[in-house]
Amino acid sequence: MARKLDYRWRLRQVMAAQGMFQTTDLIEPLAQRGIHLSASQVYRLVVERPERLSLKVLMALLDLLDTTMEELIEPVAASAPARAKRTAGGEQAGIGQLRPKRARITDLDG
């Protein structure tokens, strides 16, 4: 069975090592390399793990941060999905048949 891989996006850490602590610090250097992103796009690029990334953006980041792909994208083993919790009797734990009941508002004067 093939081993499942995942990755950690380390852009924020690499930026901090270069003395860049605000996401907007990337806007102008990226623009100088022909990558024009809005402040919100750059923010998402820094704080979220991208699922898709243009190779041009990746190469611009590597160039302006003077870093390698291994430092920016750290491969890690994928975590196993959480197993369903079971009770001592073997059935699946949870609220089972317990469900909230809709509240009924009645008129006290009527």
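**View 1. G34 in the loop between helix 2 and helix 3.** G34 is found in the loop that joins helix 2 to helix 3. As in every view here, what you see is a predicted model. Is G34 buried, partly exposed or exposed? With a relative accessible area of 48%, G34 is partly exposed, because buried would require a value under 20% and exposed a value over 50%. Look across to A60 as well: 26 residues separate G34 and A60 in sequence, while their C-alpha atoms are 8.5 Å apart in space.

**View 2. The whole chain, for orientation.** Let's step back for a moment to see where the other close-ups belong. The protein chain has five helices and two strands, arranged along the sequence in the pattern β-α-α-α-α-α-β. Of its 110 residues, 22% count as buried. Among contacts with a separation of 6 or more, 62% are between residues 24 or more positions apart. The protein chain exposes about 9,300 Å², and carbon and sulfur atoms supply 52% of that area.

**View 3. The largest nonpolar core.** This core has 19 residues, and those touching the most other members are L11, M15, L26, L30, L61, L65 and L72. Helix 1 (11–17), helix 3 (39–47) and helix 4 (55–64) each supply at least two residues of the core. Which helix gives the largest share? That is helix 4, with six residues. Centre the view on L61 and, leaving aside neighbours within four places in sequence, you will find it in contact with W9, L11, L26, L30, L45, T67 and L72.

**View 4. Helix 3 and its buried face.** The buried residues of helix 3 are V42, L45 and V46. Seen down the axis of helix 3, these residues fall within an arc of 95°, so they line one face of the helix. They pack against strand 1 (5–9), helix 1, helix 2 (27–32) and helix 4.

**View 5. T23, in the loop between helix 1 and helix 2.** T23 sits in the loop between helix 1 and helix 2. Is this threonine buried or exposed? T23 is buried, because its relative accessible area of 16% falls under the 20% limit.

View 6. At the start of helix 4, a side-chain oxygen of S54 reaches to within 3.1 Å of the backbone nitrogen of K56. Further along, the buried residues of helix 4 are V57, L58, A60, L61, L62 and L64. What covers them includes strand 1, helix 1, helix 2, helix 3, helix 5 and strand 2 (73–77). Helix 4 is followed by D66, which has a positive phi, near 50°.

**View 7. T67, in the loop between helix 4 and helix 5.** T67 lies in the loop between helix 4 and helix 5 (69–72). T67 is buried, with a relative accessible area of 13%. Which side chain makes a polar contact with the side chain of T67? The partner is E71, at 2.3 Å. Beyond residues up to four places away in sequence, T67 touches V14, L61 and L62.

Notes: Residues are numbered from 1 along each chain as its sequence is written. This is a predicted model: local features need pLDDT of at least 70, side-chain atom pairs count only at pLDDT 80 or more; totals for chains, interfaces and linings use all residues. Side-chain values use heavy atoms; hydrogens and water are left out. A nonpolar core is a set of buried Ala, Val, Leu, Ile, Met, Phe, Trp, Tyr and Cys residues joined through side-chain atoms within 4.5 Å. Buried means under 20% relative accessible area, exposed over 50%, partly exposed in between (1.4 Å probe, protein chains only). Helices (H or I, at least four residues) and strands (E, at least two) are DSSP runs, numbered from the N terminus. Contact means heavy atoms within 4.5 Å. The arc is that of the directions from the helix axis to the C-beta atoms. Accessible areas come from the Shrake-Rupley method with a 1.4 Å probe; for residues, only the protein chains shown count as cover. A polar contact is a pair of N or O atoms within 3.5 Å; within protein, one must be able to donate a hydrogen and the other to accept it, and residues adjacent in sequence count only if both atoms are side-chain atoms.
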